[in-house]
Amino acid sequence: MEMIKFLDLYKINSRFDIEGRIKEVLDSGWYIKGVQNEIFEKNFAKYIGSKHCIGCANGLDALNLIIKAYGFNLGDEIIVPANTFIATILAISQNGCTPVLVEPDIDTYNINPDLIEEKITPKTKAIVVVHLYGQAVQMEKIWQLAEKYNLKIIEDAAQAHGAIYKGRKTGALGDAAGFSFYPGKNLGALGDGGCVTTNDDELARKIRAIANYGSDRKYHHIYKGVNSRLDEIQAAILDLKLTKLDEDNNYRRKIAKYYLENIKNPKITLPKTYDELSHVWHVFVLRTKFRDELQKYLLDNNIETNIHYPTPPHKQGAYKELSNLNFPISQKIHNEVISIPISPVISLQEAKTVVDMLNDF
C-alpha cells in the first residue's frame, strides 16, 4: 500500500498556478511592500471581516507586534492557555510580560472560559485566546470578562483561518488577531508569513510602522521597531490560495465528519466540536493512552501521523520558571494526542483506510 501522507503539500499547491503568480512578481521588479501586499491585505481583511490586515514575517511576529503596539511590558500579565504551541507564550515573554497559564477544556482543547476569572489580577492586561487545532474558542464569557475588567482580547488564529463563531470569523472576535501562513496551515504560503487583523485604526497604524523599522515614512522612525514584512511573492501566492480556502475548509469538514462517524475503537477518544462551522480541522486530533504503540502501528501500515504537541510549554527547558506548576488536564492532552491525516487532497478511500486501521488497532 502506498504511504498515506500526513500532509501532501506538493499535491495541495499543485492545484494552483503558483508559477504564474511568481512570474507576475518577478516581472514587476518590486519585491517588498508592493501591490501584491496591498491586494492580499485588502482581500484577507474583507474575508475575515476586519477593517485592517497588516502583513508580517510570521505568526510569532504577528502576536509580538500586537503586544508591542499595545505597550504592554515588564510586570504586565497576559492570560494564555496552558496547552498552546510555545509561540503564543514566547510572544508574551519576549515583550517582558508575564504569561499566566489557564487549563483547557478537555473536550475542545481550547482555553476553559470558566477558569479565567480566578487568574485575573490588577496586573492583567489581556487574554490571549488560541483557536487550537482549527476550532474557534467559545467567546461569550471571555467577551464578558474583557468588558468587566477592561482587558484586551488577542486572538492567536494561526490554526483557524476561516473558522466561524456566531456568524463572525476568527480574526474578528477580539481586539486584534495574529495569523500564521506557515506552509502547512489551511491558508499556507511557500515559506514563512503572517499578518495581524484588527478593527482598531490607531493600533493598525502603529503595528504597520513598528513592523517596518518603526517607520511611518521612509527614513522617519517614530518607534524602536523591527523588520517584519510579508514579501511580495508570498502575498501573491496567498491571495491566489485564498480563493479556495472556504472550499478546502468544507472538504476538511467532510473528511472530519467521516472520521467522527466511523472511527469506533474504545481505546481512542475522538475530538468534539460544538458547531460545524466553528471548526476548520487544521488537524484532526485523537487521544489514546497507547499513543506510541498506535503511531508505530499506523506507520507500519503506511499511514503518517504527527503529534501536536508532545510537551506542554511549562515543561519546556525555555520556561524552567514555570516547571513547578501543575496543569493535569493540559499534561494529559499532551501525553495522549496524535494527529491523523486530513487535508484538502486526502481521498475518501485514503480516509477509509485510516478508519479501518484505527478500528483494527
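**Entry 1. Pockets**

I began with the term: on a 1 Å grid over the protein atoms alone, a pocket is an open set of points with protein on both sides within 12 Å along at least five of seven lines, while a cavity is a set of points where a 1.4 Å probe fits but cannot get out; lining residues have an atom within 4 Å of a point. Grid points are joined across faces, edges and corners, and a volume is the space filled by probe spheres set on the points.

This is a predicted model, where local features need pLDDT of at least 70, side-chain atom pairs count only at pLDDT 80 or more, and totals for chains, interfaces and linings use all residues. Residues are numbered from 1 along each chain as its sequence is written, and side-chain values use heavy atoms, with hydrogens and water left out.

I looked up the largest pocket and found a volume of about 580 Å³. Its lining has 28 residues, and F85, Q159, Y182, K185 and Y309 are the closest to the centre. I then asked which elements give two or more residues to this lining: they are α4 (59-70) and α5 (86-93). Helices (H or I, at least four residues) and strands (E, at least two) are DSSP runs, numbered from the N terminus. α4 gives the most to the lining of the largest pocket, three residues. By class I noted 14 nonpolar, 10 polar and four charged residues in that lining. Here Ala, Val, Leu, Ile, Met, Phe, Trp, Tyr, Cys and Pro count as nonpolar, Asp, Glu, Lys and Arg as charged, and the others, Gly among them, as polar.

The second largest pocket has a volume of about 260 Å³. I listed 15 lining residues, with M3, I4, K5, D8 and E350 nearest its centre. Eight of the 15 are nonpolar, two polar and five charged.

**Entry 2. Cavities**

I found two cavities of 30 Å³ or more. The largest cavity has a volume of about 90 Å³. Of its 15 lining residues, I12, K185, N186, K241 and D248 are the closest to the centre. K185 was already in my notes, as one of the residues closest to the centre of the largest pocket. α1 (9-13) and α9 (245-262) each supply at least two residues of the lining of the largest cavity. The largest share, three residues, comes from α9.

The second largest cavity holds about 50 Å³ of space. I wrote down its lining: T108, Y109, Y133, Q135, P271, K272, H279, V283 and V285.

Most residues other than glycine have a negative phi, and most peptide bonds are trans. I checked for exceptions.

Y133 is not a glycine, yet its phi is positive, about 65°. I placed Y133 in the loop between β4 (124-130) and α6. Its relative accessible area is 4%, so Y133 is buried (buried is under 20% relative accessible area, exposed over 50%, partly exposed in between, with a 1.4 Å probe and protein chains only).

Y219 also has a positive phi, near 60°. Y219 lies in the loop between β10 (215-217) and β11 (220-221). Buried or exposed, I asked of Y219? Y219 is exposed, at 71% relative accessibility.

A cis peptide bond joins H308 and Y309, with omega about 10°. I located Y309 in the loop between α10 (291-300) and α11 (328-336).

**Entry 3. Aromatic rings**

I paired rings of Phe, Tyr and Trp (its six-membered ring) if their centres lie within 6.5 Å; planes under 30 degrees apart count as stacked, over 60 as edge-to-face and the rest as tilted. By this rule I counted 13 aromatic pairs. F40 and F44 are stacked, because their ring centres are 5.4 Å apart and their planes at 25°. Both sit in helix α3 (residues 35-48), four residues apart, which means a separation of about one helical turn. I marked F40 and F44 as buried.

F44 and F181 are edge-to-face, because their centres are 5.5 Å apart and their planes at 85°. This pair links distant parts of the chain: F44 is in helix α3 and F181 in the loop between β8 (176-180) and β9 (194-198), 137 residues apart. F181 is buried, as is F44. I traced a cluster of F40, F44, Y47, F179 and F181, linked by ring pairs.

The charged end of K169 sits over the ring of Y47, 4.3 Å from its centre (NZ of Lys or CZ of Arg within 6 Å of the ring centre and within 35 degrees of the ring normal).
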